[in-house]
Amino acid sequence: MSFSVRVGQRIPPVVLGELVNGEVRRVPLETLLAGCRSVVFGGPGAFTPICSQRHAPEFVAKAAALKKSGIDQIVCIGPNDPWTMAAWGDTLDPTCQLRFLSDGNLDFARQSGLIESHPDYFLGDRLKRFVMITQDAVVEHLGIENTILTLSCSRVDDVFMLA
């Protein structure tokens, strides 16, 4: 499958969801990423093993160092609803160093080409595990894992090599 989003291209103009004070807010991703340097990462789901035990926690643990290196914000996108993403964020990141955004409708996954199906795990269609660095909503770097079970090119340390 060829990906719709590539290095040098703008982020797709999608709207994601974020739970703020119990209310679902619409977050236009392109607007959120405009005018700053961002790390955006995501994976197949909140509370899934690799996402919860390694992928997201590493970004939380090294958020301050990423920001010191010139990253303005860190955004985690998941294919879950806004309530689940907020609960996951509260669990992993109680000091709110990252933004946890919902792609529950899979608009970002589809428009970016970062979608895959995992019926063997009863997950259905989900986001591929990925990381990207953007500058003013344009992709500077994109790392996409080959399988749901790997974490080899979308780690926080992969970002440090490029930030």
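Visitor: Why is R25 called partly exposed?

Guide: In this predicted model, R25 has a relative accessible area of 37%.

Visitor: How do you know that the side chains of E23 and R25 meet in a salt bridge?

Guide: The distance between them, N to O, is 3.6 Å. A salt bridge requires a side-chain nitrogen of Lys or Arg within 4 Å of a carboxyl oxygen of Asp or Glu, and therefore the pair E23 and R25 at 3.6 Å qualifies. E23 is itself partly exposed, with a relative accessible area of 45%.

Visitor: What makes E58 and R54 a salt bridge?

Guide: Their N to O distance is 3.9 Å, and the limit is 4 Å, so the pair is counted. Both residues belong to helix 2 (residues 49–61), where they stand four residues apart, about one turn of the helix. E58 has a relative accessible area of 24% and R54 one of 40%; both values fall between 20% and 50%, so both residues are partly exposed.

Visitor: How do you know that K128 and E116 form a salt bridge, and are these residues buried or exposed?

Guide: The side chains of K128 and E116 meet at 3.3 Å, N to O, which is within the 4 Å limit. This pair links distant parts of the chain: K128 lies in the loop between strand 7 (124–127) and strand 8, and E116 in strand 6 (residues 115–118), 12 residues apart. K128 has 12% relative accessibility and E116 has 17%; both are under 20%, and therefore both count as buried. The whole structure holds eight salt bridges.

Visitor: What makes the link between R37 and E140 a polar contact?

Guide: The side chains of R37 and E140 are joined at 2.8 Å, and a polar contact requires N or O atoms within 3.5 Å. R37 is found in strand 3 (residues 37–42). With a relative accessible area of 16%, under the 20% cut-off, R37 is therefore buried.

Visitor: Why is A46 called buried?

Guide: A46 has 9% relative accessibility, and buried means under 20%, so A46 is buried. A46 sits in the loop between strand 3 and helix 2. Beyond its neighbours within four places in sequence, A46 is in contact with S52, N80, T84, M85 and W88.

Visitor: Which residues have the most contacts inside the largest nonpolar core?

Guide: They are L29, I77, F108, F130 and M132, in a core of 24 residues. Helix 1 (29–33), strand 4 (73–78), helix 5 (107–112), strand 8 (130–135) and strand 9 (138–144) each supply at least two residues of this core. Apart from it lies another core, of 21 residues, among them I74, W88, I133 and V159. In soluble globular proteins, nonpolar side chains tend to be buried together.

Terms used. Residues numbered from 1 in each chain as written. Predicted model: local features only at pLDDT ≥ 70, side-chain atom pairs only at ≥ 80, totals over all residues. Heavy atoms only, no water. Buried < 20%, exposed > 50% of the residue type's maximum accessible area, 1.4 Å probe, protein only. Polar contact = N/O pair within 3.5 Å; in protein donor to acceptor, adjacent residues only side chain to side chain. Core = buried A, V, L, I, M, F, W, Y, C linked by side-chain atoms within 4.5 Å. Contact = heavy atoms within 4.5 Å.
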